[in-house]
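Student: Could we go through this model together, one question at a time?
Tutor: Gladly, let's look at it first.

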Amino acid sequence: MYIKDLSLLNFRNIQDTTISFGKKINILYGDNAQGKTNLLEAVYICSTGRSHKTHIEGQLVKFGYDEAHIRTFICGECSNDRIDVHVKKDNRKGMAINGLAVKKMSDFFGTLHVVMFSPEDLRLVKGGPSERRRFMDMELCQLSNIYCRDLQNYHKVLKQRNNLLKNVQKNKELADTISVWDEQLIVYAEKIIDKRAEFVEKLNDISSEIHNSITSGKEKLSVSYKPNAEKNAFADKLLHNRERDIIFGSTSNGPHKDDMVFMIDGNDTKFFGSQGQQRTASLSAKLAEIQLIEAETGTTPVLLLDDVLSELDENRQSFLMENIGGLQTFITCTGVEDTVGKYIKESTVFNVKNGEFTKIN
Ligand SMILES: Nc1ncnc2c1ncn2[C@@H]1O[C@H](COP(=O)(O)OP(=O)(O)O)[C@@H](O)[C@H]1O
Ligand SMILES: [Mg+2]
């Protein structure tokens with residue numbers, strides 16, 4: 001799958017532009033704050049329906065304007081598609097695939113597959129659990145509309161339960177209705193737990209092999225899923241912690257507290273790994289994500305590498321570049337010679353300045 005071209009109107013600092021991309025490596029270089037990440041953000045939105053940087057959609061609209069438009073043409077293995085996203089400053093955004101409006105976020109996923117790789121992703125292993133949950137969810141949502149819907153429903157019910165818990169603090173009689181939300185929460189939680197377990201198992205198989213290659217067989221990586229509550233124990237935990245949940249006005253257990261654990265040679269890399277090991281494990285997981293998408297969907301994703309190459313040492317950089325093979329890849333960097341010099345010949349190169357993209361070769 002590859003993006004043929006992308007049109008942006010009043011998106012961030014980009015006024016009005018249409019850019020045609022190469023099928024393989026596209027290098028976007030330029031000084032800081034020129035619009036490189038903004039372009040990748042627009043591509044990411046076409047895949048997931050949301051920004052990887054902000055929840056506040058109004059921020060996407062160029063200062064001084066009311067609306068932004070993103071349009072992209074995609075050449076897939078089976079079909080060619082047009083994706084339109086229309087962001088309004090004070091209103092809900094509109095999305096369409098091939099001119100047909102998409103009402104639910106879960107129906108939007110799956111047309112364009114992307115894997116975004118930014119310096120934050122190199123902290124996947126080291127960072128907090130919410131980053132690892134986000135990793136699982138963004139991946140699973142791309143793979144399954146059903147998962148995406150279950151996850152949305154889980155969060156909707158969770159919010160309602162938390163509201164109720166706060167109201168129970170003022171009116172004890174309302175406590176009887178908590179069970180109604182618990183029943184629904186359990187239904188969605190079980191589906192999410194099953195899917196995440198299955199996903200991490202597959203991720204483990206692939207990423208341990210990749211990690212083995214990067215370290216020339218010196219280290220053994222294993223990735224496991226750590227649900228906050230096991231599927232069969234969730235109902236009991238909810239009931240057991242109900243009094244506490246009422247006091248705090250929030251639900252203390254459930255998939256919204258899940259985590260993943262990365263072990264190298266039997267030790268938890270988050271606590272015992274060197275920075276280099278943590279980065280290699282994160283890189284292995286991201287590269288595994290690409291293979292998983294290929295295996296599950298039969299399509300190759302588009303790879304977005306935002307300022308990530310300059311953060312990797314030569315060894316890991318070469319490994320990454322050799323392993324992205326034929327994927328359409330967007331690489332952003334400030335110094336084109338320093339970071340990606342050896343790939344220039346085979347790449348489509350753009351200079352980015354003040355929201356404008358000039359094709360160099
Ligand atoms: N809504 C917006 N309207 C206009 N400019 C914006 C908006 N949001 C961000 N910017 C500008 O975009 C620039 C940052 O672009 P970015 O793509 O992150 O830079 P880089 O090239 O370093 O990746 C900043 O100058 C910022 O002020
Ligand atoms: Mg940037």
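Student: Which residues does Thr54 touch, not counting residues up to four places away in sequence?
Tutor: Happy to start there. Contact means heavy atoms within 4.5 Å, and residues up to four places away in sequence are not counted for Thr54. On that basis the partners of Thr54 are Arg12, Glu41, Gln59 and Leu60.

Student: What kind of model is this, and how are residues numbered?
Tutor: It is a predicted model, where local features need pLDDT of at least 70 and side-chain atom pairs count only at pLDDT 80 or more, while totals for chains, interfaces and linings use all residues. Side-chain values use heavy atoms, leaving out hydrogens and water, chains are lettered from A and ligands numbered from 1 in the order in which they are written, and residues are numbered along each chain, as its sequence is written, from 1.

Student: Is Thr54 buried or exposed?
Tutor: Thr54 is found in the loop between α1 and β4; helices (H or I, at least four residues) and strands (E, at least two) are DSSP runs, numbered from the N terminus. Buried means under 20% relative accessible area, exposed over 50%, and partly exposed in between, with a 1.4 Å probe and protein chains only. Because its relative accessibility is 13%, Thr54 counts as buried.

Student: Which side chain makes a polar contact with that of Thr54?
Tutor: A polar contact is a pair of N or O atoms within 3.5 Å; within protein, one must be able to donate a hydrogen and the other to accept it, and residues adjacent in sequence count only if both atoms are side-chain atoms. For the side chain of Thr54, the distance is 2.9 Å, and the partner is the side chain of Gln59.

Student: Which residues come nearest to ligand 1?
Tutor: A residue is near a molecule if one of its heavy atoms lies within 4 Å of it. There are 15 residues around ligand 1. Asn38 is one of them, and a backbone N or O atom of Asn38 lies 2.8 Å from an oxygen atom of ligand 1. The residues that come nearest are Ala33, Lys36, Thr37, Asn38 and Val61.

Student: What is the phi of Ala33?
Tutor: Most residues other than glycine have a negative phi. Ala33 is found in the loop between β3 (25-29) and α1 (36-48), and it counts as exposed because its relative accessibility is 76%. Its phi is positive, near 60 degrees.

Student: What is the strand order in the open sheet?
Tutor: Two strands pair if DSSP finds at least two bridges between them. Six strands form the sheet with antiparallel pairing, and the edge strands, β2 (14-20) and β7 (100-102), each pair on one side only. The order is β2-β1-β4-β5-β6-β7.

Student: Which backbone oxygen does the side chain of Ser47 reach?
Tutor: Ser47 lies in helix α1 and is buried, because its relative accessible area is 0%. Its contacts beyond four places in sequence include Phe108, Phe109 and Leu112. At 2.7 Å, its side chain reaches the backbone oxygen of Leu112.
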